[in-house]
Amino acid sequence: MNTQHSLLITKNKKEVELDFEKAGGLVPAVIQDDITGQVLMLGYMNQEALDKTRLEGLVTFFSRTKNRLWTKGETSGNTLEVVSIMRDCDVDSLLIKVKPNGPTCHTGSTSCFGEEEAATRSAAIRFIAQLEEVIQQRKSDPVEGSYTNFLYDKGINKIAQKVGEEAVETVIDAVAGKLDTMKGEAADLLYHLLVLLSASGLSLKDVVAVLQERHKN
């Protein structure tokens with residue numbers, strides 16, 4: 001029996017081979033949120049499903065119950081946008097990192113493996129990452145009427161001033177026990193801090209790296 005292979009493209013654009021016949025024509029594909037790292041689901045692919053996934057950029061499985069190709073979200077709209085596709089060391093399974101458009105599980109949960117508390121945290125992390133992306137996009141591609149671009153135009157001093165103002169207002173509400181308004185002030189503080197980092201040529205990842213390094217000690 002001839003072994004079937006399919007070329008995969010990983011993040012570094014390096015081509016590798018995947019062995020389908022080793023697992024009887026289907027290989028398991030672990031789906032992982034690219035930003036949060038949360039495992040979302042497990043599905044199976046044949047070569048045709050993998051080729052379709054690579055071609056269209058949306059995860060497509062081979063449904064063992066329907067005995068046909070099935071693009072995740074084809075009915076619900078909760079698609080999985082491919083970020084990268086990698087195979088394991090035994091070339092018989094896949095890890096696909098994605099950007100989920102809505103909940104992954106048919107129950108309405110973020111992940112088929114439950115852990116809704118973790119899913120809530122993951123959703124929050126994803127939103128912050130998306131907000132940072134929008135802020136960076138405004139920097140490279142200004143939008144008329146954008147408050148973010150207004151801040152960029154004013155320069156570092158104005159942005160830093162806004163961070164200071166929002167920090168003070170957050171502290172005042174915290175001391176006064178005004179938790180409802182404190183949430184709003186903290187949100188303003190976080191947003192302006194992200195703008196300040198971007199304007200300074202830094203990112204939240206740089207800040208997290210410092211925290212991770214400190215945590216080692």
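Predicted model: local features only at pLDDT ≥ 70, side-chain atom pairs only at ≥ 80, totals over all residues.
**Asparagine 46**

I looked up where asparagine 46 sits. I found asparagine 46 in the loop between strand 4 (39–45) and helix 1 (47–56). Is asparagine 46 buried or exposed? Its relative accessible area is 15%, so I put it down as buried.

Next I checked its side chain. A polar atom of the asparagine 46 side chain lies 2.8 Å from the backbone nitrogen of alanine 49.

Then I listed contacts, leaving aside neighbours within four places in sequence. Asparagine 46 touches Phe20, Gly25, Leu26, Phe62 and Leu69.

How many disulfides does the model have? I counted 0. For cysteine 105, the nearest cysteine sulfur is that of cysteine 112, 3.9 Å away.

Cysteine 105 is buried, at 10% relative accessible area. Cysteine 112 is partly exposed, at 39% relative accessibility.

**Nonpolar patch**

Which residues make the nonpolar surface patch of about 320 Å²? I noted Val30, Val39, Leu42 and Phe113. I then placed one of these residues, phenylalanine 113. Phenylalanine 113 is in the loop between strand 8 (94–100) and helix 2 (116–140).

Terms used: Residues numbered from 1 in each chain as written. Heavy atoms only, no water. Helix = DSSP H or I, 4+ residues; strand = E, 2+ residues; numbered from the N terminus. Buried < 20%, exposed > 50% of the residue type's maximum accessible area, 1.4 Å probe, protein only. Polar contact = N/O pair within 3.5 Å; in protein donor to acceptor, adjacent residues only side chain to side chain. Contact = heavy atoms within 4.5 Å. Disulfide = S-S within 2.5 Å. Patch = residues over 30% accessible without salt bridge, like charges linked within 9 Å, V, L, I, M, F, W, Y side chains within 5 Å. Areas by Shrake-Rupley, 256 points an atom, 1.4 Å probe, with all protein chains shown as cover. Salt bridge = Lys/Arg side-chain N within 4 Å of Asp/Glu carboxyl O.
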